[in-house]
Amino acid sequence: MPRAGLSTDRVVGEAEVLTDEAGIDALTLAALADRLGVRQPSLYKHIDGLPALKQALAVRAKRELGEVLARASVGKAGDDAIRALAGAYRTWAHQHPGRYHASVGAADPSDPDDQAATAAAVSVVLDVLAGYGFTGADAIHAARAVRSALHGFVSLEAAGGFGLPESLDDSYDRLVEGCLVMLAAPGMSSA
């Protein structure tokens with residue numbers, strides 16, 4: 001019988017906290033069991049091992065990030081929507097570094113929950129890009145370009161990759177403004 005108060009939701013939730021505090025590499029079943037005050041075999045009543053736990057973590061992280069991006073961009077269009085989306089993206093990554101790391105992989109084609117969470121997050125970005133006239137393959141290329149820029153900055157920042165004294169906020173703002181220029185550039189869309 002499962003331990004009172006222990007559930008799949010609680011196990012995954014504690015894994016979120018652990019990864020945010022110590023990084024995704026610190027997520028082990030032994031560390032998680034210790035945090036929950038249970039023996040490691042007790043976790044198997046709620047998860048099917050570390051790969052399944054990491055998959056559940058990824059799905060929840062993608063779902064949460066998608067919701068954050070949607071809230072940030074709702075009611076906004078064009079450049080304002082991109083700025084809001086970019087700000088929310090960076091803020092969420094700062095607040096949840098372990099979850100952010102878990103969210104960056106492509107959806108697992110065998111996991112319908114992962115497919116849905118990924119599609120929901122991507123659709124937020126595609127909806128924003130539709131305001132620039134991007135559709136179909138052009139929208140995917142634009143989304144990849146914007147995501148690559150934001151992810152690159154956020155990842156380098158998290159890794160301590162920016163050692164010069166200039167403001168990181170100013171650098172990020174300039175990156176976002178560069179994305180806006182890119183989105184408006186002739187040739188960005190094949191239409």
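## Basis of the description

The model is predicted, so local features are reported only at pLDDT of at least 70 and side-chain atom pairs only at pLDDT 80 or more, while totals for chains, interfaces and linings use all residues. Residues are numbered from 1 along each chain as its sequence is written, and side-chain values use heavy atoms, with hydrogens and water left out.

Helices are DSSP runs of H or I with at least four residues, numbered from the N terminus. Helix H5 covers residues 78–95, a run of 18 residues. The expected span of a helix is 1.5 Å times one less than its number of residues. For H5 this gives 26 Å, and the end C-alpha atoms are 26 Å apart, which agrees.

The buried residues are Gly-78, Ala-81, Ile-82, Ala-84, Leu-85, Ala-86, Ala-88, Tyr-89, Arg-90, Trp-92 and Ala-93. These residues pack against helices H4 (50–73), H6 (97–103), H7 (112–130), H8 (136–158) and H9 (168–184); contact here means heavy atoms within 4.5 Å.

## Salt bridges between helices

Side chains of opposite charge can pair when their charged atoms come close. A salt bridge is counted when a side-chain nitrogen of Lys or Arg is within 4 Å of a carboxyl oxygen of Asp or Glu. The structure holds twelve salt bridges.

One of them joins Asp-9 and Arg-60, at 2.7 Å from N to O. Asp-9 lies in helix H1 (residues 8–22) and Arg-60 in helix H4, so the pair ties together parts that are 51 residues apart in sequence. Asp-9 is exposed, with a relative accessible area of 54%, whereas Arg-60 is partly exposed at 22%. Another salt bridge pairs Glu-16 with Arg-99, whose closest N and O atoms are 4.0 Å apart. This pair links helix H1, which holds Glu-16, to helix H6, which holds Arg-99, across 83 residues. Both Glu-16 and Arg-99 are buried.

Asp-9, Glu-16, Asp-20, Arg-60, Glu-64 and Arg-99 are linked in a network of salt bridges.

Arg-83 in H5 and Glu-177 in helix H9 are 94 residues apart. Glu-177 is partly exposed, with a relative accessible area of 34%, and Arg-83 is likewise partly exposed at 34%.

Terms used
Helix = DSSP H or I, 4+ residues; strand = E, 2+ residues; numbered from the N terminus. Buried < 20%, exposed > 50% of the residue type's maximum accessible area, 1.4 Å probe, protein only.
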